[in-house]
Amino acid sequence: MTAPDVRWPNSLWAAVTPPGPELPQLKGSEKADVIVIGGGFTGLSTALHLREASVDVAIVEAIEPGWGASGRNNGQVIPTLSRVDPEEIVARHGAAGERFVGMLRDSAATLFDVARRYQLNAEQEQAGWVQPVHSPRRIKIAERRVRQWGKVGAPVELLSRDKARDMLGSDAWYGGFWNRSGGHINPLALARELARAVVKEGGRIYARSPVESFERRGDRWIVKTASGEISGRALVVATNAYSGEFSASLVPEIAREVVPVLSWQMSTQPLSDNVRKTIIPDRQAMSDTHGELYFARYDARNRLITGGAVIGPGDKAGRLRSRVTERLQRLWPQIGEVEFDYVWNGYVGMTTDFLPRIHRLGPDAYGWTGCNGRAVALTIPLGNELAKAVRGVPESELALPFTTPAPLPFHGILRKLAPLMLLVYRRRDAREIA
């Protein structure tokens with residue numbers, strides 16, 4: 001496999017974000033104490049936290065830090081999972097689940113703390129995250145989440161319909177809840193700034209170096225690319241939704257646990273100050289309870305960043321522009337004419353039960369997958385936990401609910417059929433099924 005060309009998506013983030021650090025390819029034979037495969041949020045956080053403990057660490061990244069899902073998402077910093085709440089997590093994983101819930105509760109605060117500590121310039125705004133409900137029945141979702149997350153100490157509050165209207169500038173929702181610790185960032189800037197911090201702290205990042213294989217040889221892990229190899233005492237596989245995109249044989253047991261689904265993002269032209277002050281006036285991140293998710297947040301230039309889903313052949317971006325324009329004008333009539341400067345997409349790693357998968361892969365080796373659309377906040381503290389794991393912290397002290405890899409049967413077929421779930425979600429939304 002030759003070194004891939006670096007072609008960034010035509011995204012807002014790629015257009016406005018300063019370049020990351022210049023990074024070498026992996027060539028020849030190298031050594032490190034810990035090898036991390038993948039230069040997204042998880043890998044970068046793992047490496048940064050290892051450097052805080054003076055551990056020699058090297059990341060091997062297929063393209064460039066932030067090229068994959070970490071640099072393509074909406075940038076919402078959400079300190080929950082998408083559907084599963086604390087009681088179910090603890091029921092499934094016991095004490096490890098309790099520790100994981102605590103990590104998740106603090107995940108947004110952890111991200112913003114890391115950004116402050118390392119003076120990362122990622123357009124971060126800790127303005128909170130709002131989940132409004134789109135039908136009267138679904139207020140039960142908000143009530144459940146407030147009860148469960150409030151019980152474990154999260155800064156959550158139930159919203160009446162009037163309060164949701166004031167917060168969002170729209171009558172479209174029937175209340176909801178919000179978490180004050182959430183917010184939003186420029187995700188590509190976060191990835192590039194984390195990469196810069198890793199290098200500054202003495203870590204190594206090898207870019208444009210797709211990993212072809214890894215194996216255990218004696219007491220060392222050997223990671224091979226087309227132009228070199230690196231050996232290490234410990235290994236972290238942090239490739240998430242892109243685990244099978246460069247080498248189908250890299251970690252098939254993990255790659256087949258998730259279904260990579262394309263998530264489309266789009267940004268409007270900057271809104272005028274008068275209009276912006278009437279649409280999510282306090283600049284929270286927002287994603288609601290639709291199965292076909294409605295979501296929005298601002299960037300630093302007052303563009304409204306939203307998106308949607310689309311299936312079928314043809315001009316998907318064009319059809320999405322039309323559909324989302326109609327949606328925005330219905331939610332916020334005051335927005336007027338809508339023009340999108342950028343439309344792009346990236347994979348989200350979805351699991352069947354909306355829970356992440358965290359695994360031991362062998363002696364001093366760990367991996368995970370299954371962000372389910374919640375990677376931004378989750379991955380920063382998760383990287384810290386993985387760093388602790390490879391340093392030998394006892395499992396009883398880790399917020400890592402380990403499971404055995406369980407590849408999905410007929411994975412290839414499921415991947416092709418997954419987009420059709422959009423039709424199911426649309427039907428459920430129309431029928432207001434709680």
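The legends below describe an overview and several close-up views of a predicted model of one protein chain.

**Figure 1. Overview of the protein chain in the predicted model.** The protein chain holds 13 helices and 18 strands, and along its principal axes the C-alpha trace spans about 65 × 45 × 45 Å. When contacts between residues at least 6 apart in sequence are considered, 76% of them join residues at least 24 apart.

**Figure 2. Strand β6 and its two pairing partners, β4 and β5.** Strand β6, made of residues 176–179, runs antiparallel to strand β4 (residues 129–132), and four bridges join the two. Strand β5, which covers residues 156–159, also pairs with β6 in the antiparallel sense, again over four bridges. W178 of β6 can be followed in both pairings, as it is the bridge partner of V130 and also the bridge partner of E157. In a regular strand the side chains alternate between the two faces of the sheet. In β6, G176 and W178 lie on one side while F177 and N179 lie on the other, and all four are buried, so that both faces of the strand are covered.

**Figure 3. Strand β14 with its neighbours β13 and β15.** Strand β14 (residues 295–298) pairs with strand β13 (residues 285–287) in the antiparallel sense over two bridges, and within this pairing M286 has A296 as its bridge partner. Two bridges also join β14 to strand β15, which is formed by residues 304–308 and runs antiparallel to β14; here R297 is partnered by I305 of β15. The strands β14 and β15 form a hairpin with five residues between them, and N302, which sits in the turn, has a positive phi of about 65°. From β14, F295 and R297 point one way, whereas A296 and Y298 point the other way, and all of these residues are buried.

**Figure 4. The largest cavity and the residues that line it.** A search of the whole structure finds one cavity of 30 Å³ or more, and the volume of the largest cavity is about 30 Å³. Its lining is made up of M286, Y294, F295, A296, T306, R327, L328, L331 and W332. Both β14 and helix α10 (316–331) supply at least two residues each to this lining, with α10 giving the largest share, three residues. By class, the lining of the largest cavity has seven nonpolar residues, one polar residue and one charged residue. A296, which belongs to this lining, is also the bridge partner of M286.

**Figure 5. The second largest pocket, with helix α7 in its lining.** About 170 Å³ of space lies in the second largest pocket, which is lined by R117, Y118, Q119, L120, E193, R196, A197, K200 and E201. Helix α7, running from residue 187 to residue 200, contributes four residues, the largest share of the lining of this pocket. The residues of the lining divide into five charged, three nonpolar and one polar.

Note on methods:
Residues are numbered from 1 along each chain as its sequence is written. This is a predicted model: local features need pLDDT of at least 70, side-chain atom pairs count only at pLDDT 80 or more; totals for chains, interfaces and linings use all residues. Side-chain values use heavy atoms; hydrogens and water are left out. On a 1 Å grid over the protein atoms alone, a cavity is a set of points where a 1.4 Å probe fits but cannot get out, and a pocket is an open set with protein on both sides within 12 Å along at least five of seven lines; lining residues have an atom within 4 Å of a point. Grid points are joined across faces, edges and corners, and a volume is the space filled by probe spheres set on the points. Ala, Val, Leu, Ile, Met, Phe, Trp, Tyr, Cys and Pro count as nonpolar, Asp, Glu, Lys and Arg as charged, and the others, Gly among them, as polar. Buried means under 20% relative accessible area, exposed over 50%, partly exposed in between (1.4 Å probe, protein chains only). Two strands pair if DSSP finds at least two bridges between them. Contact means heavy atoms within 4.5 Å.
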